[in-house]
Structures are given as structure tokens and as C-alpha cells.
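Dear colleague,

Please find the structure below for your records. My notes on the contact between its domains follow.

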Amino acid sequence: MTVASSWIDGALVKTGGAQHTVINPATGEAVAEFALAQPGDVDRAVASARAALPGWKRATPAERSAVLAKLAKLADDATSELVAEEVSQTGKPVRLATEFDVPGSVDNIDFFAGAARHLEGKASAEYSADHTSSIRREAVGVVATITPWNYPLQMAVWKVIPALAAGCSVVIKPAEITPLTTLTLARLAADAGLPDGVLNVVTGSGADVGAALAGHADVDMVTFTGSTPVGRRVMLAAAQHGHRTQLELGGKAPFVVFDDADLDAAIQGAVAGALINTGQDCTAATRAIVAQGLYDDFVAGVAEVMSKIVLGDPADPDTDLGPLISAVHRAKVAGMVERAPGEGGRVVTGGVAPEGPGSFYRPTLIADVAETSEVWRDEIFGPVLTVRAFTDDDDAIRQANDTKYGLAASAWTRDVYRAQRASREIHAGCVWINDHIPIISEMPHGGFGASGFGKDMSQYSLEEYLSIKHVMSDITGVVDKDWHRTIFTKR
Ligand code: NAP
């Protein structure tokens, strides 16, 4: 059993909070024990980040890039350790951790090692005849980061790495139940040469450690990935001090299947898009909106593929679907599915929690749901796909946009004009055409509306962590400047 703690000022430290046990949701067994941090430990971590900031901010882009490139290499070398930790603390299938979570994180670190050396701005020039103007991009400062449990390593990387690339120092609080890979990331960063204090990890619950970090007076920015209600609380806490925020929140992605779509591709894409990470994915396909003429075949096809999905030990490469993160979360998902028929929904397959240990839940398809129903409107965050039919393209787009969220969406069609119209009309931070889920380090991820604002990944994310400064230099050396006469005429 690993004994983990918090990582402050370049070392694992003993924190004063209660002991906490990390549980494997596939077995219910203990994976690790660690001492929770307390608000006083948050103060220590923020002070360490503040002290480390000037040196890291002044390091050249090439020096920061070298540390990140080494970190990417060390994380790649540590793949089996990171996979084992991620599988045991989240219950995600080993295939997903091996082919998505860890290589995606390594690639993201590698991307920002390069991006650190590519700062952009307007050309320096004499925009006024008497002055030269130039743009500086400077690190925002100390960044407080709070992350969720569904992709612990990737979410940490998406927030921490662009901040480091920009020259910021960071204090991150991972979800209390999934701290392991974030602590390993901090250790690997130290091994890569990151100076002490530039990256700190405080483990603990959101209610005390998270709240203390989000509302800390001595950070400069708060970035958050998690649910919409908590994100708004975090924003309020940061607003007390006027701190910059960046929020990646919940989603309820539409999956629109037009009548000219490749039906087999749409069926397979819907199952993959709905079941990734046991549906605990903010961009997961959750609302299938299907042309009336394809509706029955789509429902039958999805139900058939779902019925063949293999649940089991996440460490077994033959397992398709792992458990939900906890028994409490499974009860929430099951409750929503059980209430669906009362609102007109038809549970076509699934809706079952298998006997035995672990918080497993069968892939579930609910057809004919009402537009007002809870399963259509609210985030379920489980292996559940809901389906409705549409009458014409306008109705499809209307239904796709009839949500407070705006994180991701997909449109399935072989008509290039329709695809372009859908990508224009659907209100979401990402619209896939004939696919759903893929992400790449070069392109941004981030939502609209109740899904938050700001971007993770890509050059756009680097900009979140940079402040723009205008430097304007007089080039005349003249005492009696023309514009002074606007203010006074006699000296
Ligand atoms: P959550 O309950 O909002 O928790 C997220 C983080 O906030 C955790 O570290 C949590 O700590 C902490 N927290 C809770 N209360 C807090 C408070 N009052 N002040 C400061 N921090 C607090 O979300 P979750 O259940 O972990 O994750 C699932 C949600 O994340 C879903 O809504 C999903 O859509 C969203 N998500 C969004 C994206 C995206 O990119 N848009 C990506 C992944 C997930 P503890 O858990 O330790 O208490």
C-alpha cells in the first residue's frame, strides 16, 4: 500500500489532516492511505509557490522547455506506474489508461515543451509617430488549480503544464479520492529538474482544502475542472480577490444523426462516445438526436452493441467497461435511470447494477425520452445514452442547442453542406463531424455557457496563463511633447 501525502516545496510532506483511504472502485479494497492536508498546508504550499515564482518566471523559454521535455520523457518511462495508479484509483479499464490517459498526457507535456518557446504578439512598431510600442507576455503568477476524479492525470496535466510553460508556479488540489497520479507527476517534475516550489500538490477534500485554495488571497489565478455548481462556487471565492479564473465544467453533448448518415458508423460511434470512461466524461455522447427514418434501426443497433460490452476487472485487457467511481455515484446514476420511465423514457437495455463487489453498472439506452425529462437535461455521468427523434434539420439543431451546457457535440452526415451548417449552428466548444471524442494537444478544449470558459490544451491554453503588457517608449527625447499642450499651455 502506497503512503501518499502532499507535495510541498519539492518534497512529500506530512500534513496535519485526518488519514484518508483511496479505494479501488472495482473491488472496494484499499489502494493507498494518505494524510489529508489542512488549510494551513494550503498556506504553506501557496507561500512556496510564491517564493519560487520569480526564478521560474525569469527562466528563459528554452530553459522551461527543457524541463518539460524531460518531464515528458520521464512520464513516458513511468507509463506502467502511472497506468497502474490510474486503474486502481479510478477503476478505468487498463486499455483506456494505456492507450488514452497516459500517452495523451505525455503528448500534452511534450506539446507544451515546444509551445513554451513560441510566444506571439503584435509586431513592435511606431503605432504613434513618437513612440515605439512592443508587447510583452508575462506569467500570470501563482496559479491555484482544482481537478476532478474522472481523468486525474490528464486533468492535472491540462492545467499544470501550460501554466508551467508560461512561467507560472502552481498549487494543485486533485480530487480527494484520486490523488495518486498527481503526486507522481509532481515527483517526476522534480526529477526532470523543476525547481522546488514551482509545483505543489495539496491533497484533501473540496470543502476545506479546495475552498481554502480557491479563495486564497495570495494566488493570482484559479483554474478549475469539475461540475458546474462547484465551478461557480470556486469562481465566487476567486472573485472576492478579483482573481482571474478559467473553468472547465459539465457537459451534456448532443449526438446528431442526420438521415443521410452512415448508420453503422453512427451506431458504433454512439456506443464508443457514450461509454468511454464508463460515461464519466464531460464530452461523452449523452443525447442522441436521430432522424425519424433511422430512429428504430439506430435504437436497435445501439442496444445490440451495448449488450455485448464486457464488464469486469479493469486490470484485464479484455475488459471494456470498468465500474463507476463509487457506490454513491452508482446510486445517483441508477436513481436517474429508475426515474426515467416515470417521465416517458423507455429503458431499452441496461438499467442494471450487476451483483458482486465494485460499483459496476450495465450500459444503458433510454429511448423516447421527453425533452423536459431529467435524463435528457441533467448530467448523468454514467454509461447511459438517451435518444429522441427529430423531424427536420432545424428541429435537430434546436434540440441539440436546447441545453444550458455547450462543451461538445457531434453531427453525423455524408452531406458536406449539412456538416458545415451543423458545425456553425451547434453551440459548443467542439463539434465533431462523423466522430465523437477524439482530442489532440494542438487544438483547444473548452466550453460555452454552463460548461465554463477558457481553454485547455493548445496554444490558446498557454495564453490563459500569460498577461499581456504594452511597453510604449518615447523615441523623440523631446521635453515639450505635442500632446502636453492638451493639458497645459504655459510652463
Ligand atoms: P466536482 O464535484 O465539481 O469536484 C471537482 C473538484 O472540486 C474536486 O477536486 C473537488 O474536491 C473540488 N471541490 C468540491 N467542492 C469544492 C469547493 N467548495 N471549493 C473548491 N473545490 C471544491 O466534480 P467531480 O465530481 O470531481 O467531476 C465530475 C464533473 O467534472 C462533471 O460535471 C464533469 O462534466 C466535469 N468535468 C469537466 C471537464 C471539462 O473539461 N469541462 C473535464 C472533466 C470533468 P473533492 O472531490 O476532493 O471533494
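Which residues does the UniProt annotation "domain: Aldehyde dehydrogenase" cover? According to the unreviewed entry, the annotation covers residues 18-471; such annotations may be inferred rather than shown by experiment. This is a predicted model, in which local features need pLDDT of at least 70, side-chain atom pairs count only at pLDDT 80 or more, and totals for chains, interfaces and linings use all residues. Residues are numbered from 1 along each chain as its sequence is written, and side-chain values use heavy atoms, with hydrogens and water left out.

The domain assignment (automatic or from a database) gives domain 1 (6-249 + 451-471) and domain 2 (253-433). Their C-alpha centres lie 31 Å apart.

In domain 1, 23 residues are in contact (heavy atoms within 4.5 Å) with 28 residues of domain 2. The two domains bury about 1,900 Å² between them, 58% of it on carbon and sulfur atoms; buried area is the accessible area (1.4 Å probe) lost on putting the two parts together, summed over both. On the side of domain 1, Arg95, Trp149 and Ser451 lose the most area to domain 2, together 27% of what that side buries.

One salt bridge (a side-chain nitrogen of Lys or Arg within 4 Å of a carboxyl oxygen of Asp or Glu) is found across this interface. The side chains of arginine 95 and aspartate 320 meet in a salt bridge, at 3.0 Å from N to O.

With kind regards
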